[in-house]
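Please keep the sequence and the structure in view while reading.

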Amino acid sequence: MTLTINVTVNGKSVSADAEPSTSLLEFLRDVLNYKGTKLCCNTGECGACTVLFNGKPVNSCVVPAADAVGAQVVTVEGLADGEKLHPVQQAFIDTGAVQCGYCTPGFIISVKALLDRTKRPTPAEIEEAVSGNICRCTGYAKIVDAIALAAERMEGSTLGIASGGRS
Amino acid sequence: MAKAEHSVLGTSIARQGGVERVTGAGIYGIDLDLPNAVRGGILRSQHAHAKIVSIDTSQAKALPGVYAVVTAADAPDVKYGRTTIDRYMLAKNKVRYMGDPVAAVAAESQAVVKQALKKIKVVYEPLPVVLDPEETMKASAPTLHEEVPLPANLPKDANVKNVCSYTGVHAGDPEKAMAEADVVVEEVYETKMIHPQYLEPRIAAARQEPDGRITLWANAQAPFGVRTDVARLLKVPLNKVRVLSTELGGGFGGKASGITSGAAIEPICALLAVKARRPVMIVLDKAEETISTTIRSGAKMYIKTGVKKDGTIVARTGKVVYDAGAYSGFGAMAGARCTQMLGGWYLTPNVHIDGYVVYTNKQVCGPVRGPGGPQAAFAVESHMDSIAAKLGIDPVEFRLKNVPKSGDRIVGVPKLRDISLGETVRIAAEKIGWGKTKLGKNQGIGIATGSWIESSGPGGGAMVKVNEDGSATVHIGKIDMGTAPRFGIPMIVAEELGIPVNDVMVVNVDTDASPWDAGTVGSRSIIVSGTATRLAAIDARNQIFKLAASQLEASPDDLEIKDKQIRVKGTPAKSVPLATVATAAHNVIGEVVGHGYCDSKLMAAEEKAHGNSPPFTAHACIVEVDPDTGNVKILKYVAVHDVGFVIHPVAVEGQVEGAAAMSIGQALCEQVVFDTNGRTMNPSFVDYLMPTINMMPRIETTLVHGYPGAGPYGAKGAGEIGCVPPMAAIANAICNATGVRIRTLPLSPENVLRALRAAKR
């Protein structure tokens, strides 16, 4: 038995069949070929597969694809405006927050969700927003810089958090 | 800031490959989509130690959608191993850990692979399991490798079994010196197994080409090592195996199979592809990774030090029992490094340390980030504080008292040239506010130091091709995992060729085209590939000057290159674009191809003559210990590192901070836990705790300048040393806060609470 999933991904409505056991992550990666959403723990612990689901960040590995029927899903592929990167994406590059880069799409989605709901996040809100995303490369220092820089650029404000880090 | 003499070195350019990573391009191994590929999977032992009585694959083979089922019987009868040849690619006769590969399947989908694996019937005859490395050495323990003799260099009176390798570290007369010491401190420290837990699962994909050659894709840190293993295990010539490295989503030594022989999936994948006559791709499940792939071993370390009343160290003796796991893997090298480092990096004239690397029925030791070093440093640097406490000397003062001077030696290391150890200690002490910060209730302050040898090891080459538009294409043997190949390496080419860094492209490793390399390990990317790339770029520049000289009517020696223009020095009007010269090369030598090598023998001779300048570090922290829960919170953390000349400051800080985070994880929460049968109790990320942003302090990194190392422009490696001090720094701070010395990791709430309660009794 297969299900037909009608869903809007990055603003485009799509329809495809999937097994009932298919996770949203598998549906995005293997059926729709959105490879930017990364597979890692498959238990909803690491955040590498974070996508926006009706505007809220979720671990797509533990969401059944069937639940996404009629939903608005945004993946990391949906953030840039043509060649122009989203400010969060640009900030991750500019602060050196991208080492291996595997956790990066998940972080970027979590941070976008944060900055969509809070223009001037406090350090505690930043910490909370990405506490479900594991990075094994950076020790999080440069990621905090990236978030602060993205918030500054999006709001033109200063958060009073160490930013930049570039010499 | 760039130094005046450099145009790009010393700045923090945007990492190459960054745009692909932030936009979610499918660049990683796991994103591979080979046409007509089927899926592969591995049946792993459910016993930690057993004889294989029989394997029946008939039902699995009969399943619709199955393309191939393989066991050891389908592979050439060839064993492998880096230091001890002790392993088959698929277990034969015996399994030695729960996770040992026994059979493999290629099928049309992952679902069919799973069904087929379940239908393989293996009959085992269980054997006694031994998990504790000290138990395994006893005469009563089962023999794990019947065909592996004990190491030839074992001490005569050792009376041990299941020893995979032995390292003895000796200097002076420790027995006499210990007898003459004013104070002797003796302790035992222990660390547990941790998994590197890179986020991208390991993959391998293989395809047999129409001409019989095998092409392999792997997210491998050592593609040439993979090629060696695959060719040897499948009995095909090296030039019939081509390994293409994909982009890596983290590695930390865990993806360095091929140099480690640990749970190598690549030869199995190649065998499946040959038998299935279809391309095959294997993706490991994260829980499967945790139980089966290579890890950072646990070590038990006996350490004893004699000191004079004034704080001068006179002797160190000790013993290391290092867990190799079921096969030799990287155990011999990691255990040897741990043994050498238990001697410390302070002036210690008399040393005797025995290091035993032993087999157990656990997964295999790999070259995980700073193999052997963090374990030794946990013991050495905790022990330094214990000695200081016994002497009543301040821990910082005690360390400074024993810092070696230029021309001194630390045991197992070449003669020293520049020693930044004291400076890193002083800076770390100042940054953390040593002796000045007013600590609150339940708070403590701690410091620990480290060193790392990265200048010795295999050499490597580089090729710099100058294209007719003046851009450059670079071939090196090392891969990028957020490390030098797309940070420092393109900067070096840009610097030497006078071209913008964005005009430099570093090609990912293709064993058919790239120069051989031992692998992206040992903090050696900038040392090996950086040195080779610099020389290759200089070679290319010299060829360009030779080609340009006649056109500019000048001697090659009078030319310089900047902004893609070749100019006569002092006469800027006389210039020719690099593109023109590179295009004209087509009619002369075809193409400017610069070659360069990192010659390890030359480097060793240089060190012998002038001394070695290893990287040193000191980390310091302030923690708060909750006496009711045992929870440890790090309030402030400083990391001070001498990494020689800094090519890319943000990249180096990133390495330091990431390495520190990994060891902070090992200090506070990480551990692979086994039951008595050798089954991993916490294979998934639900139970294997790693640092998230909530438990991490902001690591405040300081890079110390002025001590040139063995790399290009005086750079040193930076990838591993940050792992060395954190565990002891935290343990020392906990001891400072509570008065309780904890000698076994992790310093988890449960273990801290237990120690606090034990101390009260």
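## Overall build of chain B

Among contacts in chain B between residues at least 6 apart in sequence, 80% join residues at least 24 apart. The model is predicted, and the mean pLDDT of chain B is 96, with 99% of its residues at 70 or more. The scores of the model are ipTM 0.96 and pTM 0.97.

Chain B contains 19 helices and 26 strands. Its radius of gyration is 27 Å, close to the 27 Å given by the globule rule for 761 residues, so chain B is as compact as a globular protein of that length. The C-alpha trace of chain B spans about 85 × 70 × 50 Å along its principal axes. Of the 761 residues in chain B, 61% count as buried.

Is strand 18 of chain B mostly covered or mostly uncovered? This strand, residues 472–476, is mostly covered, since four of its five residues are buried.

Strand 18 of chain B pairs with strand 17 of chain B (residues 460–466) in the antiparallel sense, over five bridges. In one of the pairings, B:Ile476 in strand 18 of chain B is the bridge partner of B:Ala462. Strands 17 and 18 of chain B form a hairpin with five residues between them. In the turn of this hairpin, B:Gly470 has a positive phi of about 90°.

Strand 18 of chain B is also joined to strand 19 of chain B (residues 504–507), by four bridges, and these two strands run parallel. Here B:Met505 in strand 19 of chain B is the bridge partner of B:Thr473. Which helix belongs to a β-α-β unit with strands 18 and 19 of chain B? Helix 13 of chain B (residues 488–497) does, and the unit is right-handed.

## The contact between chains A and B

The contact takes 43 residues from chain B and 45 residues from chain A. On the side of chain B that touches chain A, helix 1 (18–23) and helix 17 (649–668) of chain B each supply at least two residues. Helix 17 of chain B gives the largest share of that side, eight residues. By class, the side of chain B that touches chain A has 21 nonpolar, 15 polar and seven charged residues.

Key:
Residues numbered from 1 in each chain as written. Chains lettered and ligands numbered in written order. Predicted model: local features only at pLDDT ≥ 70, side-chain atom pairs only at ≥ 80, totals over all residues. Contact = placed C-beta atoms within 7 Å. Nonpolar A, V, L, I, M, F, W, Y, C, P; charged D, E, K, R; others polar. Rg over C-alpha atoms; globule rule 2.2 N^0.38 Å. Buried ≥ 20, exposed ≤ 12 C-beta atoms within 10 Å, placed from the backbone. pLDDT = per-residue confidence, 0-100. Pairing = 2+ DSSP bridges. Right-handed = clockwise from strand over helix to strand, strands pointing away.
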